[in-house]
Amino acid sequence: MSVADSRPRPLVLLPTYNERDNVEPITAAILAALPDARVLIIDDGSPDGTGELADGLAAADARVHVLHRAAKEGLGRAYLAGIDWALQHPHDFTHIITMDADFSHDPAYLPGLLAVVGEGGADFAIGSRYVPGGGTRGWSLGRRLLSRGGGLYARTVLGLGLRDPTAGFVCYGRAALATLDRGAVAASGYGFQIEMKYRLMRAGRRARELPIVFPDRERGASKMTPAIALEAVGLCLRLRLRRS
């Protein structure tokens, strides 16, 4: 195998819905941090024109791809569509990375996450707010309590040995996703993040958590709603009951 062939071939999945102000700068920042990466923008029919702007980015740079979906079906469905696209793509990606489009996940952390998956000994790596060195910035007390409480709940109900099971900044090795029964993944919202980690660890996959600082978004509106949070609560209970 040549040196070029042995290099990681990462794909970054970037789900968008009304992220017109963020999609161009976040794509540029990703490619600056990982010049050999490709980016798949997964747009759920954004009415603000995000999808059309993404098409322009793809036309200007062969490293950028766009997957258009007809309607907003939830973060989990968008990521699963992106994972299926990645595993079927002839580029044969070695790593698949999930992250937000609003700069809450700093692209500067991407090389570190990539480095520990595969030869670094992990099957997937998590950008964690709650390991030493990690944290949040600009969050209200209520949001901090909700995040901490949600993580504690997921760890307790599912027995996950992770400090940040709700984290969405994750680098997966290709093999971990290729062998996962993705059709069994039930979550459509943010509970997807918990369910993926749970299913992978139940399958014997190894995880590592690396510290990140997670700031509040500066532009656009958060997609989190009470209904999405409640979905994650119910999901943990269903996963636990099926295991029993």
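Predicted model: local features only at pLDDT ≥ 70, side-chain atom pairs only at ≥ 80, totals over all residues.
1. On the overall fold, the protein chain is made up of nine helices and nine strands. Its radius of gyration is 17 Å, close to the 18 Å given by the globule rule for 244 residues, so the chain is as compact as a globular protein of that length. If you are setting up a box, the C-alpha atoms fill roughly 50 × 45 × 35 Å along the principal axes.

2. Now to the interior. Buried residues make up 48% of the 244 in the protein chain. The largest nonpolar core holds 37 residues, and those with the most contacts inside it are Leu13, Ile83, Ile96, Leu158, Tyr172, Phe192 and Met196. Helix 4 (residues 75-88) gives the most to this core, contributing seven residues.

3. Ile96 is worth a look in your viewer. Leaving aside residues up to four places away in sequence, Ile96 touches Leu11, Leu13, Ile83, Ala86, Leu87, Val170, Cys171, Tyr172 and Leu177.

4. There is also a second, separate core, with 29 residues. Among its members are Leu14, Val23, Leu113 and Leu114.

5. Finally, the surface and the charges. The accessible surface of the protein chain is about 11,000 Å², and carbon and sulfur atoms account for 55% of that area. The chain carries 30 positive and 26 negative charges, whose mean positions lie 9 Å apart.

Technical notes:
Residues numbered from 1 in each chain as written. Heavy atoms only, no water. Helix = DSSP H or I, 4+ residues; strand = E, 2+ residues; numbered from the N terminus. Rg over C-alpha atoms; globule rule 2.2 N^0.38 Å. Buried < 20%, exposed > 50% of the residue type's maximum accessible area, 1.4 Å probe, protein only. Areas by Shrake-Rupley, 256 points an atom, 1.4 Å probe, with all protein chains shown as cover. Lys, Arg positive; Asp, Glu negative; His and termini not counted. Charge placed at Lys NZ, Arg CZ, Asp CG, Glu CD. Core = buried A, V, L, I, M, F, W, Y, C linked by side-chain atoms within 4.5 Å. Contact = heavy atoms within 4.5 Å.
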